[in-house]
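Please look through the model shown below with the paragraphs that follow at hand.

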Amino acid sequence: MGEKVVAGGFDLSDRHRYRRKLHECLEGLERLLAEKRFDRPKNMMGLEIELNLAGADGLPRMVNAQVLERIASPDFQTELGMFNLEVNVLPHRLDGRVFDRLAEELSAGLHYAHRQAAEIDAGVVMIGILPTITRADLALANLSAVDRYSLLNEQILMMRGEDFRLDIEGVERLTWSTGSIVPEAACTSVQLHLQVTPARFSDVWNAAQAVTAVQIAVGANSPFLFGRELWRESRPPLFTQATDTRPPELQAQGVRPRTWFGERWVDSVYELFAENVRFFPALLPICDEEEPLRVLAEGGVPSLQELVLHNGTVYRWNRPVYGVADGMPHLRVENRVLPAGPTVADVVANAAFYYGLVRTLADEQRPVWTRLSFAEAEANFDAACRYGIDARIRWPRKGRSGGLVSVPAVRLVLDELLPMAAAGLDAWGIEPADRDLYLGIIEERCRRRANGATWQVDTYHRALAGGLDRDAALAATTRRYSELMHRGEPVHTWPVGLEEQEADATAAARR
C-alpha cells in the first residue's frame with residue numbers, strides 16, 4: 001500500500017480487467033515457484049514502526065505533513081491519520097550485533113523526528129493506541145491527504161454499504177458507529193519482516209502464527225480507546241471492526257473479514273496468495289501496464305503489481321509478501337501483531353524474541369502446528385489480546401504423552417519459549433551479548449508481570465485515585481508515558497504513577 005495510487009473512480013470494466021490480471025499474477029507466481037527463481041537465503045530482516053504525534057498536553061496533533069516536511073527523509077512516511085507517521089528501517093542481516101545496531105538507528109531517527117516535531121509544538125509518541133484519542137479526532141477530515149487513503153476509505157465504505165459499528169467489551173464497553181475507516185488510524189504497530197525461501201516459507205509462517213499469542217501477551221500496549229479501558233491489546237478488535245467490509249448479513253453467512261487470523265496451517269506461500277484472490281474482492285482495482293506472463297516468457301522477473309496491491313488490502317496478522325530487489329524475486333513473512341513501543345529497547349527486545357523463537361520452531365522435527373490446532377492458536381491470540389501478560393495459553397504438553405495444557409503465558413515464556421528463542425538467536429549467529437540483553441528484557445517483563453499495558457492501566461488508576469477525572473488522568477498518563485519513552489529505559493523498569501511535579505501541576509490546574 002506504500003505505492004502511489006492515482007485518484008479516480010472505477011467502473012465495471014476496471015474490476016473485470018483487474019480480476020484477470022490478478023489471476024495472471026497468480027499464474028506467474030506459480031511459475032516462479034516451479035522454476036525456483038527466488039533469491040537465495042540471505043538471513044535478511046526489516047522493521048517498520050507506526051508512530052503518533054501528540055502535543056505537550058498529551059493530545060493528538062494533526063500535523064504529519066508539516067512534520068514530514070521538516071524531517072525531509074525517505075525513511076519517514078505518512079500513515080492513515082494526520083496524527084500518524086511511519087518510520088522504515090533498511091533491511092539488516094540477522095547476525096552479530098544486529099539488534100544493537102537497530103537500537104542505535106531507531107533511537108537516532110526517533111530523536112531527530114521528535115526534535116523536528118517540537119518545532120511545531122508536537123512530539124513523537126510510540127504507543128499502540130494514544131490514550132487521549134477521541135471520536136472527534138477520528139473524523140474524515142483528519143485522514144492524511146494522500147490519494148490511496150481517500151480511495152481506500154471510499155471503496156471499503158462502498159463495499160460495506162453502511163456505517164461501521166465498533167463494539168468492544170473488555171473491562172469497560174465501547175460502542176460507536178462511524179462513516180469512515182479513520183478509526184483504523186488509532187492503531188499503531190510494529191511490522192517485522194523476515195526474508196525466506198519458498199521451501200522455508202510455510203514453516204516460518206506457521207511458526208509465526210503459533211507465537212502471535214505470546215507476542216501479544218508480553219508486548220501488549222493498547223488498553224484504552226476513547227477514554228474506555230478495554231482489552232490489554234485493543235488494536236486487533238478495533239482494526240478488525242474498522243476495516244470490516246461485511247454488513248451484518250454477510251457476517252452471519254460466515255464471509256471472511258479482511259482483517260484475518262486465517263483458518264488453517266499452510267503448506268506453501270502460494271496458498272495464501274490464492275486465498276486472498278479467491279476470498280476477497282478488489283478494493284483498489286488499479287491495473288499496471290506490465291503483462292506478467294509475457295515478462296516471464298521473455299526470461300524476465302515480473303513485479304506482479306496487481307497481486308502486491310491486492311495483498312496489501314488483506315490484513316493478515318502474518319502477511320505473505322512478494323518483492324523484487326536487484327532483479328531477483330524474494331518472499332517475506334511480515335509479522336504485524338505487535339503494538340508500537342513503549343521504548344526502542346522494548347521494540348528491539350520484541351523483535352529479538354520473535355526472530356529467535358520463529359527460527360527454533362520452524363526448525364523443529366515435530367513442529368508445534370502438528371500438535372496445536374489452528375483454532376486453538378486463534379483462541380490463544382484472542383485470549384492474549386484480552387488479558388495481556390495475565391493470559392493463559394493452550395500449548396502442547398512436553399514429552400511423548402501429547403495433548404495440550406493450559407498454562408500462564410509468563411510461565412510458558414520463562415520455562416520453555418525463552419530458551420527456544422535463545423537457541424534460535426544462536427542459530428542466526430547473534431552475539432551472546434545482544435541475545436542476553438534483549439531476551440533479558442522479555443524475561444524481566446514476565447517475572448514482574450509488567451508491560452506497556454499494565455503500566456498504562458496502573459498509572460491511570462493511580463491518577464484517578466489521586467482525584468483526577470477520567471480525561472485528566474488519561475492525559476497525565478500519556479504525558480508521563482511520553483517522558484519515560486524518550487528516556488529509553490525498558491518499560492518493566494518504569495515507576496508506576498505520575499511524577500510528583502506532574503501530579504502537583506495537574507492538581508493545581510484542577511483547582
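Strand S1 (residues 44-54) and strand S3 run antiparallel and are joined by eight bridges, where helices (H or I, at least four residues) and strands (E, at least two) are DSSP runs numbered from the N terminus, and where two strands pair if DSSP finds at least two bridges between them. This is a predicted model, in which local features need pLDDT of at least 70 and side-chain atom pairs count only at pLDDT 80 or more, while totals for chains, interfaces and linings use all residues. Residues are numbered from 1 along each chain as its sequence is written, and side-chain values use heavy atoms, with hydrogens and water left out.

Turning to charged side chains, the model has 34 salt bridges, each defined as a side-chain nitrogen of Lys or Arg within 4 Å of a carboxyl oxygen of Asp or Glu. One of them links Arg256 to Glu263, with the closest N and O atoms 3.1 Å apart; Arg256 is partly exposed at a relative accessible area of 27%, and Glu263 is partly exposed at 39%. Another joins Arg264 to Glu271 with a closest N and O separation of 2.7 Å, and here the partly exposed Arg264, at 31%, meets a buried Glu271, at 17%. These two residues also belong to a network of salt bridges that links Arg264, Glu271, Glu275 and Arg316.

A further salt bridge is formed by Arg449 and Asp390, whose closest N and O atoms are 3.2 Å apart. Arg449 lies in the loop between helix H15 (432-448) and helix H16 (452-465), and Asp390 in the loop between helix H13 (374-387) and strand S14 (392-396), so the pair ties together parts that are 59 residues apart in sequence. Arg449 itself is partly exposed, at 40%.

How many disulfides are there? The count is zero, taking a disulfide as a pair of cysteine sulfur atoms within 2.5 Å. For Cys287, the closest cysteine sulfur is that of Cys25, 9.0 Å away, which is too far for a bond. Cys446 is likewise in no disulfide, the nearest cysteine sulfur being that of Cys385, 16 Å away. Both cysteines are buried, Cys287 with a relative accessible area of 19% and Cys446 with 3%.

Two glutamates complete the tour. Glu444 is placed in helix H15 and counts as partly exposed at 26% relative accessibility; Glu444 and Leu414 are 30 residues apart in sequence, while their C-alpha atoms are 9.5 Å apart in space. Glu119, by contrast, lies in the loop between helix H3 (98-118) and strand S4 (123-125) and counts as exposed, at 53%. The C-alpha atoms of Glu119 and Gln66 are 9.9 Å apart, with 53 residues as their distance in sequence.

Note on methods
Buried < 20%, exposed > 50% of the residue type's maximum accessible area, 1.4 Å probe, protein only.
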